[in-house]
Each structure stands twice: as C-alpha cells, then as structure tokens.
Amino acid sequence: MEMTGHPASQPVFTAAERWKKRLPYVIAYGVLALTTLPVIFMYAWLILRSFSDKMVYGIIPVDFSLENWRFLWSNIDQRGSELPSIWTATRNSFLFAGTLTVLEVMIGTMAGYAMSRMEFPGRQSLLKVTLLLHAFPSVSLLIAVFYILNFMGLYDSIFGVVLVKTALQIPMTAWIVKGFFDDVPWDLEWAGLIDGCGRLKVWFSIVLPYIRPGIAAVSIFSFLSGWSEFLLLYTFVISDENITLASYLQRLISDPNTVNYGLLSAVSLFYMIPVLLFFIFTQKSLMQMSVGGGKYV
Amino acid sequence: MRIELKNIYKSFDKKTNTIENLNLTVEDGEFTALLGPSGCGKTTTMLMIAGIYKPDAGEIRFNGQNVNALEPKDRNIGMVFQSYALYPHMTVLENIAFPLKQKKVPKKERIERAKKAAEMVKLDGLLDRRPGELSGGQQQRVALARAIVKQPKVLLLDEPLSNLDARLKIEMRAEIARIQKELGITTILVTHDQEEAMTLADRIAVMKDGRIIQYDTPAELYKNPKNYFVAQFIGTPPMNFIKGRIADQQLQIAGKSYFLNRSEFDLTEDREVIAGVRPHEIQFDRGGDIRMKGTVELVETVGYAKIVNVKVEEEHFRFFANTATSFLYGSEIEFSFPSASLHLFDARTGASLKREAGKEKELEAIGL
C-alpha cells in the first residue's frame with residue numbers, strides 16, 4: 001500500500017490567499033470588539049471612578065483615593081440622615097439570596113421530580129400553566145402581593161419577600177429540574193427499588209446524586225437572581241435594619257441632585273464582588289444548564 | 001423458589017393488552033428464558049415478577065404465596081439490567097454493598113460479603129473504581145455481583161449480554177451459567193437472542209405479542225416447534241422453508257409429490273402448507289427421500305464447514321457442506337433430506353401438522 005497525504009504535497013499559499021483566508025476572522029473579531037467595547041468601557045469607568053477623586057473628560061481619573069470606599073468602615077451620611085451600615089445590607093442580601101436558594105431548590109426538585117416521573121390527572125396542563133406563570137411580570141402583581149403580605153403580617157420582612165420571590169421562581173426552577181430528571185434512566189430507579197429502597201429513599205440516595213450537577217446549576221442560578229433582586233425588596237421592605245444592597249444603592253441615587261458618583265461606583269463594585277467570585281468558582285456547574293432544560297412534556 | 005404466573009393481564013394504554021392471559025411456572029432452581037422479538041412483552045413480564053409493574057389482572061405467586069401487593073424491596077430478588085444501571089456516584093464496592101446496606105447489614109459484614117460476591121464474578125482489584133471507569137464487561141460483572149450479593153431467591157436478567165461484543169458475550173454466558181448452577185438460584189432471563197436462550201436456559205418460553213407461544217426445553221423447541229413462529233425463530237442458521245400444499249394426502253413441494261408417514265403428519269385435510277427443514281438435515285447428495293434442485297447463490301465459510309445458499313424456485317435454502325467441496329456460483333446442484341426431518345405448518349394458522357407421535361405412544365404405554 002502506498003501512503004497518501006505526503007508532507008511535501010502541502011499547499012503553499014501566497015500572501016493574498018492568506019489574507020483572503022483570514023478575512024472572515026478579521027471581520028468577526030472586529031465586529032465583536034466593537035460591540036463589546038461599550039460594556040468594557042462601562043466597567044473600566046466604574047473601577048477607575050471608585051478609586052479616584054474625580055474624573056476629567058469623562059474618563060481620565062484624577063488623584064487616587066480610597067475616600068469613596070469609606071462606607072466599608074463608617075456609616076454614610078446623606079442629606080443629614082445616616083444610611084444604615086453596609087454590613088447590615090450585605091448580611092440581609094446574603095440572608096435573602098440564601099434562604100431563597102434553599103427554599104427554591106428544595107421545592108423545585110420535588111416539583112420537578114413529580115412533573116418528570118409521576119402520572120397524575122392534570123399533569124400536562126400543569127406543565128403548561130407553570131410556564132405561563134413565569135411569563136407574568138412581577139410588577140403587575142405588586143398591589144396584590146402587598147395586600148397579602150400586609151394581611152399575613154409579613155410586610156417589611158425579608159422572609160415575606162423570600163416567599164413571594166420563591167413562588168415566582170418555582171415554575172422555572174421546576175421546569176429546569178424536570179429536564180434533568182428526564183435524563184435519569186428508569187433502570188436506575190428500578191435497580192434501587194429492587195435493591196431494597198422505598199421510593200423516597202431511591203429519590204434521595206440515587207436519583208438526587210445523579211442530577212447533582214443540575215441541582216448545583218439551579219442553586220447558583222437562584223442565588224444570583226436573589227442577590228440581584230430589587231423591585232420586590234424595594235417595595236415591601238422599608239425599615240433600615242432590613243435594608244438590602246440593592247435598596248442601599250437605590251438610596252444613594254434617590255435624589256438626582258446630590259448623587260455622589262464616586263461613592264455610587266464603589267458600592268456598585270462592592271455589590272458585584274460576591275457575584276464575580278461566585279461565578280468564577282461555579283461556572284463549570286453553571287454551564288450544565290444547557291444540558292437540562294425541559295424536553296418532554 | 002417456585003414462581004407462578006396465573007392469567008396475567010397488563011395494559012399500558014387501556015386499549016391493547018401488552019400481556020394477555022399469560023401463564024407461566026418456573027420451578028425452584030430452574031433457569032428459564034423469556035425469548036421473543038422486541039416489543040413482545042418479555043421485559044414487561046419480568047418487571048411484573050420484580051414488582052415494578054403491577055398486573056391489571058391475574059396472580060403472581062412465589063412458592064404458592066400471592067405476592068401481587070408486595071413491593072419490589074420485599075420480594076427478595078436480584079436483577080441485572082440491560083443498561084447495568086450501576087450507581088455512578090458510588091464506587092464498585094459501594095455499588096455491590098448497596099443492597100446489603102438497605103437491609104441494615106453491619107458494615108463489616110457488608111464489606112466482607114460484597115468482596116466475596118466480587119470474587120465470585122472475578123472482579124478483584126477494581127473495587128475502588130467508579131462505574132464510569134470500567135469497561136462494559138466489567139460493569140456487567142459489577143451488576144451481576146450486586147444482584148447476587150444479598151443471596152436473593154430469584155435472579156432476573158434483562159438482556160444482560162446484549163451490550164457486549166461477541167467474544168465477551170460467550171465468556172459472560174459461561175460465567176452466568178456457572179454462577180447460577182453454583183448458587184442453585186431460580187433464574188429468569190429475558191432475551192431476544194435465541195442462541196443465548198438455547199445455551200443458558202433449562203426451559204424457554206417463546207413469546208409473541210404478549211403471549212407465550214411455546215414453553216419447552218431447548219431441545220424440544222428445536223426438534224418439535226409447535227408452530228411456524230417458533231420454527232423460524234429458533235436455530236442458527238434458521239430453518240429453511242418452502243411453500244407447498246397438501247392434496248390427496250400427499251405433500252406437493254417444488255413441483256413434486258411425496259407420500260409422507262401418516263402417523264407422523266396430519267395429512268387429512270387439503271390445505272396450503274409451509275414445509276421446513278433444518279440446514280443440518282440437508283445432504284449434498286441423493287441420500288434423502290426428498291430431493292431438490294437449485295442454483296448456488298452464495299457460499300459462506302465458517303471454518304469447520306461451508307454454508308451453501310441455494311435458490312430453489314422462489315425460496316432460499318441453506319445447508320452445510322464439507323469444506324473440501326467446491327461450488328460454482330450459479331451452477332445447478334441437487335440436494336436431499338429425509339422426509340422424517342421435515343416440519344409442516346399450516347400456511348394460514350402457522351400450527352404444526354406434526355402429530356405428537358412420541359406423546360401418543362407414551363399415553364398408550366400407560367394404558368390411556
């Protein structure tokens with residue numbers, strides 16, 4: 001047998017041909033660079049502004065200073081009234097996002113399992129309605145939610161908003177989790193049943209570990225959405241000791257005449273740090289999201 | 001443990017029955033195969049024995065006791081799945097010990113027994129691996145060890161060999177046979193591979209469309225298939241068939257008429273028939289009393305013999321020939337077989353027209 005594809009027969013390109021080959025890449029990278037530039041510019045501005053006294057020509061920082069970060073060690077005074085400590089807000093934000101995650105994942109996995117595996121009347125319509133529920137903008141529910149929270153004595157309580165947010169998030173979470181459960185082979189569950197487990201035990205010790213990447217992804221997702229929640233918290237939580245970071249930021253810009261942009265940048269960055277750290281450590285699990293996703297109704 | 005299935009019905013869509021009036025008895029310690037094409041209900045039957053599915057009607061009995069309402073975990077069965085269904089987040093040892101853990105066996109004893117089971121299926125040195133790091137054959141051994149570790153009364157095997165390559169298949173087949181004999185455990189094997197069923201099982205239930213067509217020993221299925229379906233399903237290479245008819249108590253095939261032994265075949269009615277003969281019964285000479293001519297289409301060498309494919313009118317025949325014989329493609333040859341080796345089936349119903357001569361004689365002998 002004669003060997004084919006001899007190294008000597010490799011094609012030789014002229015400079016023009018090489019350019020022609022590269023052209024699509026040049027165009028693609030060019031377009032991408034142009035469209036990402038504003039985003040990069042915004043972040044750059046944010047970082048530079050937070051560490052400087054003022055900016056000239058919009059973008060050139062002048063005088064390095066940590067003055068804008070003083071909120072970390074002292075309380076901010078705004079128009080005579082003192083803002084609550086940033087650490088209170090941070091604690092509350094963590095509390096809110098954390099409780100939300102725990103509740104959402106717990107309920108979501110159970111609901112997702114039922115939707116994926118169990119036969120019950122109305123299952124099909126339930127699947128469709130849950131998706132519809134997710135399509136509701138939460139702002140349209142504000143008044144109704146206010147009445148209910150007020151009635152239950154949960155107005156101005158973080159836990160009350162956690163409940164509202166959980167209810168709004170559950171449909172989507174359950175749908176995503178259902179997608180992961182759909183991928184668990186029946187054989188695996190049956191093996192568990194035959195090996196001596198009850199149905200609940202199978203779920204807990206075989207099925208859940210199997211979809212661990214999915215649960216991780218959903219947890220991260222719900223934590224992030226809890227961390228960035230603003231509208232519900234701003235509307236239903238008013239007292240200072242229950243303030244969260246998003247509302248804290250809002251306080252800083254509430255009066256357009258006295259906005260301290262340096263301080264605002266610094267607090268914004270501070271608000272972003274946990275998200276960035278979180279993303280760096282969990283992005284591998286986050287990528288699993290595409291694996292799940294509802295497939296079968 | 002003796003397993004009985006009585007008048008079992010199972011339907012998944014409430015319109016058609018997946019399993020229809022199924023009756024089956026597996027004696028204690030017996031190795032039974034459920035054999036049939038895919039979709040014939042054999043796996044459904046097995047899952048009902050396991051307790052995963054509940055029959056719509058009928059009774060399942062273990063040692064005479066009705067177990068219809070018993071959960072799978074209380075039935076004391078071990079099962080090997082086609083996909084092996086190993087727990088991916090556990091090591092091999094944890095996988096094997098899992099059934100014992102559910103039975104609350106103390107940890108030390110658990111590990112000891114799991115190791116012993118692993119030894120039995122020749123799985124040493126892999127106990128700390130995860131299933132994902134094992135080859136298909138090794139995974140299959142883990143699944144087998146997990147199934148036998150709790151010393152179940154019944155072992156269920158659902159197409160256990162279908163994901164293995166041909167060589168490994170033969171090896172695992174012997175392994176399964178050995179373990180089954182060693183433990184003396186009542187075993188039910190589901191398979192679509194007739195060779196697997198023939199080599200492993202004491203008795204085979206041939207299934208089609210949710211019914212058992214014939215339940216017999218492998219030898220009996222091979223020698224006396226009750227109908228056309230069983231005849232064409234059992235045996236490699238498969239039985240040869242040719243269309244013909246019975247007229248005036250004679251068999252007409254390939255343009256000739258033959259007188260057959262009337263104590264062996266039911267020739268009373270004139271009808272269309274399908275005649276069948278096993279490849280190994282055909283000789284490449286004029287020795288048999290039924291002779292045919294055909295053209296050579298293909299010759300396959302299998303080492304110890306040649307398989308000759310011959311076209312006779314519109315039908316195709318296969319038979320074995322000596323490796324020394326050479327055949328010319330397209331040439332006409334003559335072959336023959338004894339009429340005693342013939343199988344006859346009603347072309348419409350598929351029922352065998354062979355009289356159960358042996359059985360009738362037996363009955364006469366005991367005075368009936």
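What share of the contacts in chain B with a separation of 6 or more is accounted for by residues 24 or more positions apart? In this predicted model, such residues account for 64% of those contacts.

**Overall picture of chain B**

Chain B contains nine helices and 19 strands, and along its principal axes its C-alpha trace spans about 75 × 50 × 45 Å. Of its 368 residues, 38% count as buried. An unreviewed UniProt entry lists residues 3-234 of chain B under "domain: ABC transporter"; in the model this span is 36% helix and 24% strand, and its end C-alpha atoms lie 25 Å apart.

| Sheet (chain B) | Strand order | Pairing |
|---|---|---|
| Open, six strands | β6-β7-β8-β3-β9-β10 | mixed |
| Open, five strands | β13-β12-β11-β14-β19 | antiparallel |

In general, the strands of a sheet pair through backbone hydrogen bonds, and they do so either in parallel or in antiparallel fashion.

The six-stranded sheet of chain B has mixed pairing, and its edges are formed by β6 (77-80) and β10 (211-216), each of which has a single partner strand, so that one side of each is left without a neighbour in the sheet. Neighbouring strands of this sheet are turned by 15° against each other on average, when direction is ignored. Helix α4 (residues 136-148) of chain B packs on this sheet, where it touches β6 and β7 (154-158) of chain B, and the direction of α4 makes about 170° with that of β6(B).

The five-stranded sheet of chain B, by contrast in its pairing, is antiparallel. Which strands stand at its edges, each with a single partner strand? They are β13 (256-259) and β19 (343-346) of chain B, and because each has a single partner strand, one side of each is left without a neighbour in the sheet. Here neighbouring strands are turned by 35° against each other on average, again with direction ignored. Within the sheet, strand β11 (residues 240-247) of chain B and strand β12 (residues 250-253) of chain B run antiparallel and are joined by four bridges, and the bridge partner of Arg245(B) in β12(B) is Gln252(B).

Technical notes: Residues numbered from 1 in each chain as written. Chains lettered and ligands numbered in written order. Predicted model: local features only at pLDDT ≥ 70, side-chain atom pairs only at ≥ 80, totals over all residues. Pairing = 2+ DSSP bridges. Helix = DSSP H or I, 4+ residues; strand = E, 2+ residues; numbered from the N terminus. Axes fitted to C-alpha atoms, helices over the stretch in contact; angles between N-to-C directions. Buried ≥ 20, exposed ≤ 12 C-beta atoms within 10 Å, placed from the backbone. Contact = placed C-beta atoms within 7 Å. UniProt positions renumbered as here; feature names shortened; annotations may be inferred.
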